[in-house]
Amino acid sequence: MGYGEKLNFLSLVVTLLCVSFCVVEAHSPFACDPKSGLTRSLKFCATSVPIHVRVSDLIGRLTLQEKIRLLVNNAAAVPRLGIQGYEWWSEALHGVSNVGPGVKFGASFPGATSFPQVITTAASFNESLWEEIGRVVSDEARAMYNAGIAGLTYWSPNVNIFRDPRWGRGQETPGEDPVLAGKYAARYVSGLQGNANGNRLKVAACCKHYTAYDLDNWNGVDRFHFNAKVSKQDLKDTYDVPFRACVVEGKVASVMCSYNQVNGKPTCADSDLLKKTVRGKWGLNGYIVSDCDSVEVLYSNQHYTASPEEAAAETIKAGLDLDCGPFLAVHTEQAVTKGLLSEVDVNNALANTITVQMRLGMFDGEPSAHPFGDLGRGDVCTPAHQELALEAARQGIVLLKNQGSSLPLSTRRHRTVAVIGPNSAVTDTMIGNYAGVPCGYTTPLQGIGRYARIIRQDGCSGVACNDNRNFGAAEAAARQADATILVMGLDQSIEAESRDRVGLLLPGHQQELVSRVAKASKGPTVLVLMSGGPVDVSFAKNDPRISAILWAGYPGQAGGAAIADVLFGTTNPGGKLPMTWYPQEYLAKVPMTNMGMRANPSGGYPGRTYRFYKGPVVFPFGHGLSYTKFSHKLAQGLKEVSLLVTSLRGLTNSTDVLARYTNCGTQSLALHVDVKNTGTVDGAHTLLVFSTPPSGKSSRKSSTIKQLVDFKKLHLAAGSEQRVEIGIHVCRHLSVVDEFGIRRIPTGEHKLQIGDIQHSISIQTNLEEIKT
């Protein structure tokens, strides 16, 4: 979610429109308060009546002007019906945030638990962790709502594919793989919404930004003007995948359309994307909201319509229900007056938003007597919540290099540690963007200080590292210490919303600082990187004087403690990279504006992500070391599957089998894998399962090198073994998408990579028999 260039001015307009009813003040009355005689007899306040009946009753009581002022995020009050104003815009990307105006921290709630940035949490590959974080975040959100200082609609998570390593908002996403992003979306949303409670919502989550949005401001092109040219193939098997999972599996209550155009049409005005796909094919039970000011953007910046009234009409008819910004409040009435839009269209939009509010219990009166009404101040920043933030940071840290098992450090042998670098004592840097006010911080310096005596030198001021005047002091510190830890990397001044990177190298003189300190150090030298996106640290990977490299992402409020725990072996690292780390040279061949995922067969364009790119990498997707070793053995696995083709319609040759014309919907294979910890220390292990389609015409069209099928997170004591079952669904896991956006199942030998095991499954059909 973004502010937009004109947010301050537009907020003023909304304030003038809504007069004094827009902002929810602390302890203001809740709608349908039974103590109020005003609403006691109104049907929409009767909790025993079905929600759709209550919604219809409420809409029927509103005037057109009142309806229109409910189409925007800062929705106006309707005092005659006892309805307070409501602010829809709140954020909970990795903790309750005050980025949006819907949350206001204060004396009773000075902060909330700040978990690691999403890219770091994704590196854990731990689905149960993602859901538990969502549950904790929604506990704290509900507690603040009950106190009257927060809303219940949170425009999180961001599930866009991290397509380009320069993208400033890649840090907010679960990474480059659509299966990983989809699983993250579904589990985090389930935790936030409390989906075990049926139709009742704990909070309403929102998956954003739909779709093909992963460029903010690069080389003169910004998100407000960008037309993403996307093939049907890439849309189907990459960009749409996490959003579909969010709606279908996560049952999310909202989807946000993006600023950009897709193939010449603004996403917020595209009925094929919104009405036909999100609500139609996927069955969204909720509302669709615009990114902030994007309705105004498609009119003023993209000039998609000739008048503002046409922009209002086009978006609402396309399926948009709510505008983040005042545009619809200003122009919708004239759109109705001019016949561009009917009041029925407005009613339909309101039905979607009000239904979500009803499911949240926002029209059930004072919340204490209702589900989640007992949550309060004592449920925010609890010791258990803060411990979960620490554990999430530990699980997300990735050990990239460990030469000669130089890590973990020893408190006996490494009593004095030089801690050097611009990120060694940071606080705000650790929480990344879209964060709130944390319960407290543990910096890397503080964390390491619990294990050893510290000699500290920043080396340079800030991550920009524009001068090397203090490098001599840093080298002197390294000469005196038993071990040296360099905490380097990026921050929001380098990568952020509206700020895409121009390169992948460490900023300024950071590389020089690292190399000089490593040369001077008398003990092992460890490089710790904070960043959201990948960094080309080939120099450190190849330098034998740099013993180890850790990637911590942006590890949240407890990040310093987690980093220290990994460095000194209290925690055995188990994180895996959720994105490819490319060399700097990759960028010369890949403009950010090229949305194609697949490599150009004739050369020149190398493709994107591990699924389509075959070139050199610094570290690959899924890379991550441990302080122990794991072995895998296939205990049981089917080698052949027969599919019955029930129709020839749509089949082009014997190697292309459309999923919907076979019995593959019922075909699921179980692979049993024995995983053993063969080392001497306990450890967490992520078992990654990839599939590679058979070679041939069908596979050449898909151009997929391999794709993630599934993953399992295990914890194994030293010497122990565990059997894991991997379910391979033929339609879902062994299919590919062709250039027409059609999902097909290639016949022949599919190769599975299960950890370090190779296994093949042959898919055969009766197609030739039918043809004869």
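Which cysteine does a disulfide join to Cys257? The close-ups below start with that pair and then visit other cysteines. This is a predicted model, in which local features need pLDDT of at least 70 and side-chain atom pairs count only at pLDDT 80 or more, while totals for chains, interfaces and linings use all residues. Residues are numbered from 1 along each chain as its sequence is written, and side-chain values use heavy atoms, with hydrogens and water left out.

**View 1. Cys257 is joined to Cys268 by a disulfide.** A disulfide is a covalent bond between the sulfur atoms of two cysteines; here the term is used for a pair of cysteine sulfur atoms within 2.5 Å. For Cys257 and Cys268, the S to S distance is 2.1 Å. With 105 degrees about the S-S bond, this link is right-handed. It connects distant parts of the chain, eleven residues apart: Cys257 belongs to strand S7 (residues 254–257), and Cys268 sits in the loop between strand S9 (265–266) and helix H9 (272–281). Helices (H or I, at least four residues) and strands (E, at least two) are DSSP runs, numbered from the N terminus. Cys257 is buried, at a relative accessible area of 0%, and Cys268 is buried as well, at 1%. Buried means under 20% relative accessible area, while exposed means over 50% and partly exposed lies in between (1.4 Å probe, protein chains only).

**View 2. A disulfide ties Cys207 to Cys246.** Here the sulfur atoms are 1.6 Å apart. The pair links distant parts of the chain, with Cys207 in strand S3 (residues 207–210) and Cys246 in helix H8 (residues 241–248), 39 residues apart. Why is this disulfide called right-handed? Because the torsion about its S-S bond is about 45 degrees. Cys207 counts as buried at 0% relative accessibility, and Cys246 does too, also at 0%.

**View 3. Cys460 and Cys465 make a left-handed disulfide.** The distance from S to S is 2.2 Å. The torsion about the S-S bond is about -105 degrees, so this link is left-handed. Are these two cysteines buried or exposed? Cys460 is buried at 2% relative accessibility, and Cys465 is buried at 0%.

**View 4. Cys206 is in no disulfide.** Its nearest cysteine sulfur belongs to Cys207 and is 6.9 Å away. Cys206 counts as buried, because its relative accessibility is 0%. To place these views in context, a search of the whole structure finds six disulfides, among them the pair Cys257 and Cys268.
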